[in-house]
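Me: Hi! Could you walk me through this model with me asking as we go?
Reply: Happy to, let's open it up.

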Amino acid sequence: MDQEALPRPGGRIGDVTAARHMRELDRAEALRLLSTVSLGRIVFTQHALPAVRPVNHLVEGEDIIVRIHDGGALASLAAPADAPGVVVAYEADDIDPVTHLGWSVVITGYARAVVDTDEVDRYAHLLRPWVARPMTSALRIRPDLVTGFRLEADPTRLVPAARA
């Protein structure tokens, strides 16, 4: 669980592994990494239960912008104008399935529908849809809490590989 085999020439896995360690990310690095991918998962409450949806996003400043359309589960997140928004979490990562190295970022904050039509039109051009449904609005997540970590190999700490 804490180790990964080191590749040998020819792509074979050797008998030695490098220990991995987890390094916490600061807010700036976490947001920078988040902006390098376009896919994440939004966690919200639906019918008093937690729900998760994969969505595409973009990062603008510190805000995370996602598409929403009428009738979709995320359309229910539109808060009243006098409310601070709806609490959501947003997670994205880039972890290699073979080496198990990479990073993960979680944003927790308030989501509100974008109401400015010019902004919605601009986001409609920047966010690629998954399916051929018109984007009727966008959701802006303002992060209060930004956490993340990077899984890194430590080649200075080699240990024997586990035998199957």
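**Salt bridges and a pocket**

Reply: Let's start with glutamate 119, which counts as partly exposed at 24% relative accessibility (buried is under 20% relative accessible area, exposed over 50%, partly exposed in between, with a 1.4 Å probe and protein chains only). This is a predicted model, where local features need pLDDT of at least 70, side-chain atom pairs count only at pLDDT 80 or more, and totals for chains, interfaces and linings use all residues. Residues are numbered from 1 along each chain as its sequence is written, and side-chain values use heavy atoms, with hydrogens and water left out.

Me: Which residue forms a salt bridge with glutamate 119?
Reply: Arginine 140, with the closest N and O atoms 2.9 Å apart. A salt bridge here is a side-chain nitrogen of Lys or Arg within 4 Å of a carboxyl oxygen of Asp or Glu. Glutamate 119 lies in helix α2 and arginine 140 in strand β8, so the pair ties together parts 21 residues apart in sequence. Helices (H or I, at least four residues) and strands (E, at least two) are DSSP runs, numbered from the N terminus.

Me: And arginine 140, buried or exposed?
Reply: Arginine 140 counts as buried, at 12% relative accessibility.

Me: What about aspartate 63, which partner does it have?
Reply: Aspartate 63 forms a salt bridge with arginine 142, at 3.0 Å between the closest N and O atoms. Aspartate 63 sits in strand β5 (residues 63-68) and arginine 142 in strand β8, so this pair joins parts that are 79 residues apart in sequence. Aspartate 63 is buried at 10% relative accessible area, while arginine 142 is partly exposed at 47%.

Me: Which residues are linked in a network of salt bridges?
Reply: Glu60, Asp63, Glu119, Arg122, Arg140 and Arg142. Within it, arginine 122 and glutamate 60 meet at 2.8 Å, N to O.

Me: Switching topic: how big is the second largest pocket?
Reply: Its volume is about 160 Å³. The lining includes Glu119, Arg140 and Arg142.

Me: Which strand gives the largest share of that lining?
Reply: β7, with four residues; β7 spans 102-113.

Me: And the lining by class?
Reply: Six nonpolar, no polar and four charged residues.

Me: Last one, how many helices and strands are in the chain?
Reply: Two helices and eight strands, running β-β-α-β-β-β-β-β-α-β from the N terminus on.

Technical notes
1 Å grid on protein atoms, 1.4 Å probe; cavity = no way out; pocket = protein on both sides within 12 Å on 5 of 7 lines; lining within 4 Å. Points joined across faces, edges and corners; volume = space filled by probe spheres on them. Nonpolar A, V, L, I, M, F, W, Y, C, P; charged D, E, K, R; others polar.
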